[in-house]
Amino acid sequence: MKKTFLFLLLGVAIYLPAQAQTSKSTTAANAVLAPISASHRQAAESLLALIYPPGAFDKLVDQMLEVQLKQRPEAAAIEPEMRAFFSKYMSWNSLKPDMVEVYSRNFTEPELRDITKFYQTPSGRKMSTVLPQLMQAGMEIGQKRVQDHLPELQEAIKAKMEAEKGK
């Protein structure tokens with residue numbers, strides 16, 4: 001049961017699009033201290049509205065949960081609790097303010113406007129349509145990789161714990 005939940009959380013961590021590249025003009029210091037203007041936030045919101053049309057993000061989280069439940073049938077017993085949890089904490093409405101913050105901190109307002117222009121092109125619209133499937137496929141690849149090599153990780157952890165006991 002714990003493994004199921006950990007894999008699910010790992011999937012969420014891998015899947016979430018909060019891995020936007022840091023802008024060259026953004027440093028760790030000014031990312032924390034600099035206030036974000038209303039127009040900068042609006043630029044981030046406009047981009048996110050194109051990337052995640054209404055319901056799209058929540059659908060992706062639901063798909064991720066379905067994958068987890070298929071891979072871990074024993075988790076069916078806690079499916080309602082998992083769905084309630086993700087509905088409460090991983091829905092687009094709950095994550096949007098943080099995502100606006102992340103995008104605003106990692107892209108300048110002009111960069112956000114440029115990216116938005118791209119997403120308004122035919123190629124950009126295709127990207128926003130295909131990106132969820134690409135991210136889902138990437139998540140599944142990552143999960144499979146972890147599952148395939150989990151015994152190696154477990155053995156390394158066991159060895160480390162045994163070595164710590166001997167100190």
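In which helix is Ile-157 found? Ile-157 belongs to helix H8, which covers residues 122–165. The structure is a predicted model, and its confidence is therefore described before the details of packing.

**Confidence**

The protein has an average pLDDT of 81, and 80% of the residues score at least 70. Among the elements of the protein, helix H1 (residues 2–15) has the lowest mean pLDDT, 44, whereas H7 has the highest, 96. Over residues 1–27 the pLDDT stays under 50; for this stretch the model has 58 contacts beyond four places in sequence.

**The nonpolar core**

The largest nonpolar core comprises 21 residues, of which Leu-48, Tyr-52, Tyr-103 and Leu-112 touch the most other members. Two or more residues are given to this core by each of the helices H3 (38–51), H4 (56–71), H6 (92–106), H7 (109–119) and H8. In soluble globular proteins, nonpolar side chains tend to be buried together.

Leu-112 lies in helix H7. Beyond its neighbours within four places in sequence, Leu-112 contacts His-40, Ala-43, Ala-44, Leu-47, Tyr-103, Ser-104 and Phe-107. Leu-112 and Gln-42 are separated by 70 residues in sequence, yet their C-alpha atoms are 9.6 Å apart in space.

**A nonpolar surface patch**

Leu-153, Ile-157 and Met-161 make a nonpolar surface patch of about 290 Å². Ile-157 counts as partly exposed because its relative accessibility is 41%, a value between the limits of 20% for buried and 50% for exposed.

| Residue | Relative accessible area | Class |
|---|---|---|
| Leu-112 | 0% | buried |
| Ile-157 | 41% | partly exposed |

Key. Residues numbered from 1 in each chain as written. Heavy atoms only, no water. Patch = residues over 30% accessible without salt bridge, like charges linked within 9 Å, V, L, I, M, F, W, Y side chains within 5 Å. Areas by Shrake-Rupley, 256 points an atom, 1.4 Å probe, with all protein chains shown as cover. Salt bridge = Lys/Arg side-chain N within 4 Å of Asp/Glu carboxyl O. Helix = DSSP H or I, 4+ residues; strand = E, 2+ residues; numbered from the N terminus. Buried < 20%, exposed > 50% of the residue type's maximum accessible area, 1.4 Å probe, protein only. Core = buried A, V, L, I, M, F, W, Y, C linked by side-chain atoms within 4.5 Å. pLDDT = per-residue confidence, 0-100. Contact = heavy atoms within 4.5 Å.
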